[in-house]
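This report walks through a structure from one of its helices to its strands, domains and chain contacts. Please keep the sequence and the model open while reading.

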Amino acid sequence: MSNLAISVRDLSKKYGERMAVSHINFDVPLGTVCGFVGPNGSGKTTTMRMLLGLISHTGGNGQVLDASIDEPAKYLSQVGAMIEGPAFYPALTGAENLRVLATLGGFPQERVQTLLDQVGLGDRAKSKYKTYSLGMKQRLGIAAALLPNPKLLMLDEPTNGLDPEGIQEVRALLRSLADNGTTVFVSSHLLSELEIISDYLVMLRKGEVVFAGKIEELLLAQQHVIIAKGQNPGDLEKILTLATGMGHTASIRNNEVHIQANADWAATLNRAAFDAGITLAQLSPVVPNLEETFFEMTGDK
Amino acid sequence: MFRVVFAELRKLRRPTLVLGTLGAALFFSALITSFLFLLIDDPNGNGDRGRQIGREVLVLSSGSVTGFSSVGGLLGLIALCVFAAQTAQEYTYGTLRNLLVRQSGRLRILGGKLIANTIFAILMVLFSAVVSIAISVALAPGAKVSTDLWFTSDGWSSIIHTVINVFIAVFGFGVFGMALGILLRSPISSISVGVLWILIIENLLGAVKESALRWLPGSQLNTIAEGGSQTISYTHAMQVGGAYVIVISVIAAVLFSRRDVAN
């Protein structure tokens with residue numbers, strides 16, 4: 001038994017002449033929260049579908065819970081998933097919808113009410129699905145994914161449609177599941193969400209992996225920035241010259257000098273500016289967040 | 001497989017579907033059977049397509065189910081709609097992916113769905129048989145039709161045979177509906193195509209060339225429900241209809257098991 005929940009090697013999916021997913025490689029360790037990021041159409045959902053055996057792959061291979069994705073029957077009983085939003089029968093109630101899936105999967109019917117309570121739908125269990133709001137549908141989808149008490153949870157944009165309170169609840173739920181040993185593989189376009197809850201990150205762009213690893217590795221790979229601004233507008237050029245003269249890449253943007261340097265270099269710059277007769281009105285070390293790093297890597301704005 | 005059947009039955013037992021289906025079965029059974037007795041002396045006929053079914057036929061041991069056998073084709077249409085809708089909705093709602101994540105054996109899903117829908121169809125056929133026979137018994141005296149032979153051993157044998165034949169026809173129509181649901185992945189499209197073919201296209205083809213009816217699927221299934229007709233024998237209908245059902249089942253199974261679930 002390896003310590004990987006998901007391991008993908010050269011996995012590809014081709015539709016006609018179009019490569020939806022092209023030779024991707026990544027690993028997701030057991031018991032972690034792994035964020036799966038990429039712009040629309042980058043191949044996130046296609047990859048998740050391949051991992052769940054919903055669509056065939058045209059190249060490479062993958063392992064989920066140590067079983068090949070060619071044999072999904074071997075691992076799906078331990079996997080919970082919500083792909084491309086919640087999908088249920090509108091004419092059935094929330095509880096009935098879960099009971100259908102519980103019956104199909106051979107899970108105890110008692111779990112239905114427990115899970116509905118857990119996702120905050122306990123009092124709407126007997127309402128028809130078609131009367132649910134988008135956020136309630138999303139919660140029901142998460143409850144359905146939790147039915148098997150999964151070892152691996154795959155969620156595609158689980159916070160879509162949720163209010164800020166709901167987003168926080170889902171975030172806390174995913175974190176607590178991971179803390180209790182469940183591996184969570186979650187995609188989202190809200191990168192700040194993933195930065196908060198994820199241990200690992202897989203970034204896709206145009207069907208290719210642009211980063212796969214620990215979040216800290218990604219942030220470390222990105223050069224930190226110091227933003228400086230003089231008291232006088234004419235000081236900008238002087239600060240720029242100072243910074244470049246000391247071997248740093250710098251540029252002027254929006255009446256500020258952006259210098260690629262670690263935070264501890266700010267003191268050196270402050271001293272050098274003082275010696276040069278420049279009074280700094282602003283000196284801020286900026287740690288790039290995941291979103292900025294993502295845009296930097298994918299080239300998207 | 002049993003888990004799939006029970007899960008499907010949970011969906012099928014919702015009141016709107018059960019009452020809607022039984023309501024339609026009640027309506028057609030009552031209508032066709034009532035016409036048989038109420039219009040017995042009408043020169044325009046009392047059977048389908050103006051066919052005259054006289055007292056000499058209705059007094060026979062098979063008289064109690066003469067009306068019911070005529071309802072078979074319409075029950076088949078109801079089954080086609082139910083089977084098609086129950087299958088195609090999994091694609092339109094996107095629920096198929098939930099089912100396949102919980103049960104990855106696609107043929108098991110398909111088989112379970114077919115069995116559950118078939119159980120539903122059996123209930124509909126039995127309900128329709130009871131309604132039709134009850135109406136026949138109620139209207140026979142007024143139409144001066146003797147019911148003396150209806151519940152003899154021959155009469156019961158006729159009832160059982162007719163129920164089985166109608167069920168076979170209904171099952172065949174249902175399989176066609178299910179296949180259309182898989183093929184077209186839309187309840188509206190699959191029901192429209194199925195009903196259009198059975199009610200319009202086959203009748204037009206039959207009007208242009210009557211011998212064509214010997215080879216068309218809907219015609220064979222209707223003939224099975226009636227236990228054979230003057231132009232198509234029961235054996236011929238079973239062979240040709242059975243061949244159609246087997247071929248379309250194989251095509252549907254291959255499509256369902258191999259096609260990517262991308263919605």
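## A bent helix in chain B

Helix H4 of chain B bends by about 40 degrees at B:Gly72, the bend at a residue being the angle between axes fitted to the seven residues ending there and the seven starting there. The model is a predicted one, in which local features need pLDDT of at least 70 and side-chain atom pairs count only at pLDDT 80 or more, while totals for chains, interfaces and linings use all residues. Residues are numbered from 1 along each chain as its sequence is written, and chains are lettered from A and ligands numbered from 1 in the order in which they are written. Helices (H or I, at least four residues) and strands (E, at least two) are DSSP runs, numbered from the N terminus.

H4(B) covers residues 66–92, and its 27 residues should span 39 Å at 1.5 Å a residue, which agrees with the 40 Å between its end C-alpha atoms; the expected span is 1.5 Å times one less than the number of residues. Because 25 of the 27 residues are buried, H4(B) is largely enclosed by the rest of the structure. A residue is called buried if 20 or more other C-beta atoms, placed from the backbone, lie within 10 Å of its own, exposed if 12 or fewer do, and partly exposed in between. Just after this helix, B:Gly94 takes a positive phi of about 80 degrees.

## Chain A as a whole

Chain A has ten helices and 14 strands, and its C-alpha trace spans about 75 × 45 × 35 Å along the principal axes. Of its 301 residues, 44% count as buried. An automatic or database domain assignment divides the chain into domain 1 (4–219) and domain 2 (222–298), and the C-alpha centres of these two domains lie 41 Å apart.

## Strands around S13 of chain A

S12(A) and S13(A) form a hairpin with two residues between them, and A:Asn254 in the turn has a positive phi of about 50 degrees.

A:Arg253, in strand S12 of chain A, is exposed, with 9 other C-beta atoms within 10 Å.

## Where chain A meets chain B

Counting two residues as in contact if their C-beta atoms, placed from the backbone, lie within 7 Å, 24 residues of chain A are in contact with 23 residues of chain B. On the side of chain A that touches chain B, helix H2 (residues 94–105) of chain A gives the most, with seven residues. The residues of that side divide into 17 nonpolar, five polar and two charged, where Ala, Val, Leu, Ile, Met, Phe, Trp, Tyr, Cys and Pro count as nonpolar, Asp, Glu, Lys and Arg as charged, and the others, Gly among them, as polar.

Technical notes
Pairing = 2+ DSSP bridges.
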